[in-house]
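This briefing is intended for a reader with the sequence and the coordinates at hand. It takes up a surface patch, a helix and a pair of strands in turn.

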Amino acid sequence: MHQKPHLDLDNYVPALLNFLSNKLAATASKEYRKRFGVGVLEWRMLSMLAVEDHITANRICQVIGLDKGGVSRSLHKLEQSEHVKFEVDPTDARRQVVSLTAKGWKLHDQILTVALKREQILLGGLSQEEIETLIGLLRHLHGRVRFLGDLENQ
């Protein structure tokens, strides 16, 4: 009997990364909603704005890799709760930039403590050398994603 080809999900790297990402996001959303009233998408906005303030929603999409609709909805929720504010871009009046408010910074700092604890638990049992290797490998893969868009020319 001939078995049809299929993915070995235990060894297919895109699946393993996806499964991990989905589970990390789901557990983070549950924890952050319970403790702080925001989900993981809002946390991603807060953490991005803590790194790079006064930026456009497009810039957030570009860096984080999320679709415009999800970013827009999350930023709107954060604006309604007064965690972020929108202003006209001083370099281009046609655009708006978003930044954290004092209330947003406070929420960021509270969630950051939990996020770092979650990372510590996730990486538990790995040596510092293994963690550095993992980070290097993830950065390498992240850099190669751009080559996946045009398979016909590969």
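Which helix supplies the largest share of the nonpolar patch? In this predicted model, that share comes from α6, with 3 residues.

**Nonpolar surface patch**
- V13, L17, L126, L134, L138 and L141 make a nonpolar surface patch of about 440 Å².
- At least two residues of the patch are supplied by each of α1 and α6 (128-144).
- L134, one of the patch residues, is found in helix α6.
- L134 has a relative accessibility of 32% and therefore counts as partly exposed, since that class lies between buried, under 20%, and exposed, over 50%.

**Helix α5**
- Helix α5 comprises 21 residues, 102-122, and at 1.5 Å a residue it should span 30 Å.
- The buried residues in α5 are G104, L107, H108, I111, V114 and A115.
- The cover over these buried residues includes α1 (13-36), α2 (40-51) and β2.

**Strands β1 and β2**
- Strand β1 (residues 84-89) and strand β2 (residues 92-100) run antiparallel and are joined by 6 bridges.
- The two strands form a hairpin, with 2 residues between them.
- D89 stands opposite D92, which belongs to β2.
- In a regular strand, side chains alternate between the two faces of the sheet.
- Strand β2 also contributes to the cover of the buried residues of α5.

Terms used. Residues are numbered from 1 along each chain as its sequence is written. This is a predicted model: local features need pLDDT of at least 70, side-chain atom pairs count only at pLDDT 80 or more; totals for chains, interfaces and linings use all residues. Side-chain values use heavy atoms; hydrogens and water are left out. Two strands pair if DSSP finds at least two bridges between them. Helices (H or I, at least four residues) and strands (E, at least two) are DSSP runs, numbered from the N terminus. The expected span of a helix is 1.5 Å times one less than its number of residues. Buried means under 20% relative accessible area, exposed over 50%, partly exposed in between (1.4 Å probe, protein chains only). Contact means heavy atoms within 4.5 Å. Patches are made of residues with over 30% relative accessible area and no salt bridge: like charges are joined within 9 Å, nonpolar side chains (Val, Leu, Ile, Met, Phe, Trp, Tyr) within 5 Å. Accessible areas come from the Shrake-Rupley method with a 1.4 Å probe; for residues, only the protein chains shown count as cover. A salt bridge is a side-chain nitrogen of Lys or Arg within 4 Å of a carboxyl oxygen of Asp or Glu.
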